[in-house]
Amino acid sequence: MKATFIFRWDDISPFQDAGKFSRLAELFVQYHIPAVLGVIPDNRDDSIRFNPSGDSDFTGRLKALEKRGWEIAMHGYRHLKHTEDGGLLGLNRASEFAGRPYENQAADIGQGKKLLTDSGFEPITFIAPWHAYDHNTLRALAESGFKAFSDGWSLYPTMTAGLLQAPVILWSAPTRMKMLNRLGGIYTICLHPHLAGDDDLGQLERFFRDHRPEVVTIKNLAGQAEAVSRKTMRKRVLEGVFARLYTRRWDE
Ligand SMILES: [Zn+2]
């Protein structure tokens, strides 16, 4: 069983670095690779507001990419650090959601979804800023109609609190394809357009040349969530192998 890949882009908003976004988007379009765009509905985070006046054709650009099979996902609400709670993953000491009361989280998630819906999008996938979410976040997502979220460390997606959880364990274009194809698995690669340099683009292009058919979106998977998350004996064995490999790498 060959490995499958998802490319997720974070920090997408009208205030992004439009030049860097377009450069990366052109490469993906050239090779007919769809991406999952993590759009911040109301970006108030100054550290990722590169263009204060905003891109007036932002929605149009996203619509054009959506027509090509790209997925519009929701990346938080305002991308603000409300707590230092790393949530269930504990990857960062910052969160817009983890550690806050359910009502506050649900209000922000509902408000963010409304902004995207008003712009003509129907997000079903959530991407938590700083990879930080807790049980209340997941409950609020399910109750707001989300079907999936992108985070966690495993080889295959699982069903968590009624949502398809698509793990994220890669941060640049995959290179060790022999090993990945032996493991199988569904890998999300997390990219930040404003941080992607020439080397990153070169590595992506080399990957795209040979692996176009293996790239999907989370929306594609959510449509077949039951099959994707079914735990076969083979998957259990592979998850065990992966957990040992990954823990070792993480501890080094
Ligand atoms: Zn972010």
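Gln105, Asp108, Ile109, Gly112, Lys113 and Leu116 are the buried residues of α3, buried being 20 or more other C-beta atoms within 10 Å of a residue's own and exposed 12 or fewer, with C-beta atoms placed from the backbone. Because these residues cover an arc of only 130 degrees around the axis, they lie on the same side of α3, whereas Glu103, Lys114 and Asp118 are exposed on the other side.

This is a predicted model, in which local features need pLDDT of at least 70, side-chain atom pairs count only at pLDDT 80 or more, and totals for chains, interfaces and linings use all residues. Residues are numbered from 1 along each chain as its sequence is written.

## Span and end of the helix

Helix α3 comprises 17 residues (residues 102–118), which at 1.5 Å a residue should span 24 Å, and its end C-alpha atoms are 24 Å apart, in agreement. Just after α3, glycine 120 adopts a positive phi of about 95 degrees.

## Packing partners and the crossing with α4

The buried residues of α3 pack against β2 (36–39), β3 (71–75) and α4 (135–143), contact meaning C-beta atoms within 7 Å.

The axes of α3 and α4 come within 9 Å and cross at roughly 45 degrees. On the α3 side the contact is made by Tyr102, Gln105, Ala106 and Ile109, and on the α4 side by Asn136, Thr137, Arg139, Ala140, Leu141 and Glu143.

How values were computed. Helices (H or I, at least four residues) and strands (E, at least two) are DSSP runs, numbered from the N terminus. The expected span of a helix is 1.5 Å times one less than its number of residues. The arc is that of the directions from the helix axis to the C-beta atoms. Two residues are in contact if their C-beta atoms, placed from the backbone, lie within 7 Å. Axes are lines fitted to C-alpha atoms, for helices over the stretch in contact, and angles run from 0 to 180 degrees between N-to-C directions.
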